[in-house]
Amino acid sequence: GFDFFSKQLVVDNLELGEKIPVVPDWFSITHAQNPGIAFSLDVPHAVIYAVGVVMLGMLAHTLWTIDRRARVIAAALAMLTAGGLGNIIDRIPDGTVTDFAFFYTNHPTLTPWLKANVGMTAWPVFNIADVLLIAGVIVFGIHQAIWGDDEEDEAAAPA
């Protein structure tokens, strides 16, 4: 819900490309429409919808069947499902996703270092659903790195 509300707030109050500085030279709310996927990669819409629906179906099935005591993995899968659903629903009307969070810098010392070491001084514009997707991947990865498949054994063990 918060993802939908935040996107609608941006669409209703900002013209496409309009920016509102929140923290000068670091963060602004910027109205952008992304026809691609992560980092604005250009992928045919049919592929985006097909992969999205299949992935959401797999995530929903896994959430429905997972052991109720496997809370960490369930949280990761819930974040992935919510993020994917948020962006797919937003894409349906016109094939684009509303993005608005924009982190960047014009800092005189940091800018040259970022250009030299990272290759950019701005992160691509993103939204709440994107944050949920990335957080879900991170939590899932940490879970797998620490517990792997052992969580099922831990969940089944007596307390």
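Predicted model: local features only at pLDDT ≥ 70, side-chain atom pairs only at ≥ 80, totals over all residues.
Residues count from 1 along each chain as its sequence is written, and side-chain values use heavy atoms, with hydrogens and water left out. As for confidence, local features need pLDDT of at least 70 and side-chain atom pairs count only at pLDDT 80 or more, while totals for chains, interfaces and linings use all residues.

**Aromatic rings**

Rings of Phe, Tyr and Trp (its six-membered ring) pair if their centres lie within 6.5 Å; planes under 30 degrees apart are stacked, over 60 edge-to-face, and the rest tilted. That rule gives three aromatic pairs. Two of them look like this:

| Pair | Centre distance | Plane angle | Type |
|---|---|---|---|
| Phe-27 and Phe-103 | 4.5 Å | 35 degrees | tilted |
| Phe-103 and Phe-126 | 6.0 Å | 10 degrees | stacked |

Ring pairs join Phe-27, Phe-103 and Phe-126 into a cluster. Phe-27 sits in strand E2 (residues 27-34) and Phe-103 in strand E3 (residues 97-103), so their pair ties together parts 76 residues apart in sequence. Phe-126 is in the loop between helix H4 (110-117) and helix H5 (128-146), so its pair with Phe-103 in strand E3 bridges parts 23 residues apart in sequence. Helices (H or I, at least four residues) and strands (E, at least two) are DSSP runs, numbered from the N terminus.

**Helix H3**

Helix H3 covers residues 71-91, and its 21 residues should span 30 Å at 1.5 Å a residue; the end C-alpha atoms are 30 Å apart, which agrees. The expected span is 1.5 Å times one less than the number of residues. Buried residues in H3 include Ile-73, Leu-77, Leu-80, Gly-84 and Ile-88. An α-helix has 3.6 residues a turn, so residues three or four places apart point the same way.

**Thr-30**

Back in strand E2 we find Thr-30, buried with a relative accessible area of 6%. Its side chain makes a polar contact with the side chain of Ser-28 at 2.9 Å. Such a contact is a pair of N or O atoms within 3.5 Å; within protein, one must be able to donate a hydrogen and the other to accept it, and residues adjacent in sequence count only if both atoms are side-chain atoms. Leaving aside neighbours within four places in sequence, Thr-30 is in contact (heavy atoms within 4.5 Å) with residues including Gly-17, Asp-99, Phe-102 and Val-125.

How values were computed: Buried < 20%, exposed > 50% of the residue type's maximum accessible area, 1.4 Å probe, protein only.
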